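Have a look at the sequence and the 3D structure, then work along step by step.

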2 protein chains.
Amino acid sequence: MNPEIKERFNAFLKSKNLRQTDQREVIFKAAFATDDHFTAEDLLAKTKAIDPTTSRATVYRTISLLIDAGLLREIDLGGDLKHYDPNFNDHPNHAHLICVDCGKVIEFSDDNLSVIEDCIVRRMGFRPSSSSLRVEACCEQLRQSGTCPDLINARLVRKKVPMR
Amino acid sequence: MNPEIKERFNAFLKSKNLRQTDQREVIFKAAFATDDHFTAEDLLAKTKAIDPTTSRATVYRTISLLIDAGLLREIDLGGDLKHYDPNFNDHPNHAHLICVDCGKVIEFSDDNLSVIEDCIVRRMGFRPSSSSLRVEACCEQLRQSGTCPDLINARLVRKKVPMR
DNA sequence: TTGGGTGCAAATCGTTTGCAACAGA
DNA sequence: TCTGTTGCAAACGATTTGCACCCAA
């Protein structure tokens, strides 16, 4: 995990006169240990694996802090739960492709796409500040062979496949 | 309002052995009277304006039906409430630009964008089925003149500006 | 010391559901 | 008639909040 992110969190806390607590430390670690996205409940579980005494309320409150600090982003994976993505620090403009067959989530980014999007928005008289793209798609493997390796997990679990 | 959409709804109901009821009629009318997007609560209000006896439960149930029928799409406007967009029938690939200053929502679509997106996803081995793009941006007018005509409505109300 | 932080449990709020009465086909 | 449909109120589930106690600075 990129140590610079932790620096930024500490700086953010200081700038707002907020405190560096053990709980915030643990939740931060849990959130950025991998670049997997997660729900609030996922993060509570990851956190409790490190320190079982951490409360759900504090996890929610810390998620808000991390978002305010610009370190975490809420992403729309199309389900009913909110998902959070800790990977925008390393890949600022990535989008999400969701396999409608197995629920796999694949991150991708493309400069041509970013540039075109930027142009269109500017031509409309705006200055882009953030964008979020989600594509749902079927995998060719399933289409051709009638099966998909991850089909068992379909819909319920949205597994992440990291960027390149 | 495009009368063909109503046909499609009726055909959908028939195909599923579902019934054409007065409530579904009224809710449908309320949803497609304009091409404005709405929340469930918005739709309940629009519906009650026509027939005050319609219940919240039926509105929610009918929204699900309209989505299953492919006539209505859930869209992500970034807030906490789910929004629904009845305008994908006339503009199948449109995206949403949200002004971070006044909350205005502007629909747009662009063929270059659609094509590039399609190419990228296919190159990754998938066949695209649906995509959702939301861009947040600041309006130049605010940046230059320090004011924006709709600033008063900032954040809370997300007003819609229709396509072209 | 002191103002922010925490855990707990209760409250909130959008959405779903069980059920008895109702109504298309 | 036979099912699907409705309204109501209760249930649900994710998230937020009030509060008394706790602790970083």
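**Exercise 1.** Find which element gives the largest share of the surface near DNA strand D.

**Solution.** It's α4(A), with four residues; "near" asks for a heavy atom within 4 Å. This is a predicted model, where local features need pLDDT of at least 70, side-chain atom pairs count only at pLDDT 80 or more, and totals for chains, interfaces and linings use all residues. Residues are numbered from 1 along each chain as its sequence is written, chains are lettered from A and ligands numbered from 1 in the order written, and side-chain values use heavy atoms, leaving out hydrogens and water.

Next, zoom out: 20 residues surround DNA strand D, and A:Tyr60 and B:Arg19 are among the closest.

Now zoom in on A:Tyr60: one of its polar side-chain atoms sits 2.5 Å from a phosphate oxygen of DNA strand D. For B:Arg19, a side-chain N or O atom is 2.6 Å from a base oxygen of DNA strand D. Both are polar contacts (N or O atoms within 3.5 Å).

**Exercise 2.** Work out how α2(B) and α3(B) pack.

**Solution.** Start with the numbers: the angle is about 120 degrees and the axes are 9 Å apart. That makes the pair oblique, because angles under 35 degrees count as roughly parallel, over 145 as roughly antiparallel, 65 to 115 as roughly perpendicular and the rest as oblique.

Then list who touches whom (heavy atoms within 4.5 Å): α2(B) brings residues including B:Val26 and B:Ile27, while α3(B) brings residues including B:Leu43 and B:Ile50.

Technical notes:
Polar contact = N/O pair within 3.5 Å; in protein donor to acceptor, adjacent residues only side chain to side chain. Helix = DSSP H or I, 4+ residues; strand = E, 2+ residues; numbered from the N terminus. Axes fitted to C-alpha atoms, helices over the stretch in contact; angles between N-to-C directions.
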